[in-house]
Amino acid sequence: MAISLKLNGKTHEVEAEPGTPLLWVIRDELKLTGTKFGCGVASCGACTVHLNGAPVRSCQTYIEDVEDAEITTIEKMEEDNVGAAVQQAWLELDVVQCGYCQSGQIMNAVGLLRENAKPTAEEIDDYMYGNACRCATYQRIRAGVQRAAEILEA
């Protein structure tokens, strides 16, 4: 089936079977590999993208459900003021260890800061719950979100 996607501000025409996860179209068809495959069942968050500005798991978001939506991947985050602040904070605090989950962590952190500009530690933990980090850098992730909030406030 032919489908028109608006991804990172550009329209793309792709061919995909109904039921194809958005993740595979992003990675395999459009060659944007910042969005990662983690578990395939929307439990780990590595595949998080924004759909109309809200974080979603692209491994369980089907191509036929996103034709009229605005999709944003990690590749576009540096052009977003919240995304740029989160990325700056991640670099300043050396949040990343192996890095595999971090695009999903960043996408979810951006979603949180768009909803809540000054989240508490508990609010960060609650919102970020479900974004798994095998290296267990959760304290650094929380500190990164708090630092990004400070950057945005300045």
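**Packing and pairing, question by question**

User: What is the relative accessible area of tryptophan 24?

Analyst: Tryptophan 24 counts as partly exposed, a class between buried (under 20% relative accessible area) and exposed (over 50%), using a 1.4 Å probe and protein chains only. Keep in mind that this is a predicted model, where local features need pLDDT of at least 70, side-chain atom pairs count only at pLDDT 80 or more, and totals for chains, interfaces and linings use all residues. Residues are numbered from 1 along each chain as its sequence is written, and side-chain values use heavy atoms, leaving out hydrogens and water. For tryptophan 24, the relative accessible area is 32%.

User: The structure holds 1 aromatic pair; which residues form the pair, and is it stacked, edge-to-face or tilted?

Analyst: There is 1 aromatic pair in the structure, meaning rings of Phe, Tyr or Trp (its six-membered ring) with centres within 6.5 Å; planes under 30 degrees apart are stacked, over 60 edge-to-face and the rest tilted. The ring centres of tryptophan 24 and phenylalanine 37 are 5.2 Å apart and the planes stand at 35°. With that angle, the pair is therefore tilted.

User: Where does phenylalanine 37 lie?

Analyst: Tryptophan 24 sits in helix α1 (residues 22–29), and the pair ties together parts 13 residues apart in sequence. Helices (H or I, at least four residues) and strands (E, at least two) are DSSP runs, numbered from the N terminus. Phenylalanine 37 is partly exposed at 34%. Phenylalanine 37 lies in the loop between α1 and β3 (48–51).

User: Which residues is tryptophan 90 in contact with, leaving aside its neighbours within four places in sequence?

Analyst: Contact here means heavy atoms within 4.5 Å. Tryptophan 90 is in contact with Val95, Val96, Gln102, Gln105, Ile106, Ala109, Ile141, Gly144 and Val145.

User: Which residues of α5 are buried, and which elements do they pack against?

Analyst: The buried residues of α5 are Ile141, Gly144, Val145, Ala148, Ala149 and Ile151. Down the helix axis they fall within an arc of 160°, so they line one face of α5; the arc is that of the directions from the helix axis to the C-beta atoms. On the face turned away from them are the exposed residues Gln139 and Glu153. The buried residues pack against α2, α3 and α4.

User: How far apart are the end C-alpha atoms of α5?

Analyst: The expected span of a helix is 1.5 Å times one less than its number of residues, so the 16 residues of α5 should span 22 Å. In agreement with that, the end C-alpha atoms are apart by 23 Å.

User: Which aspartate forms a salt bridge with arginine 114?

Analyst: A salt bridge is a side-chain nitrogen of Lys or Arg within 4 Å of a carboxyl oxygen of Asp or Glu, and the structure holds 7. Here the closest N and O atoms are 2.4 Å apart. Arginine 114 lies in helix α3 and its partner in the loop between β5 (70–72) and α2, so the pair ties together parts 34 residues apart in sequence. The partner, buried at 18%, is aspartate 80.

User: Which residues do salt bridges that share partners join into one network?

Analyst: Glutamate 150 and arginine 147 meet in a salt bridge at 3.3 Å, N to O. Both are in helix α5, 3 residues apart, so about one helical turn separates them. The network joins Glu92, Arg147 and Glu150.
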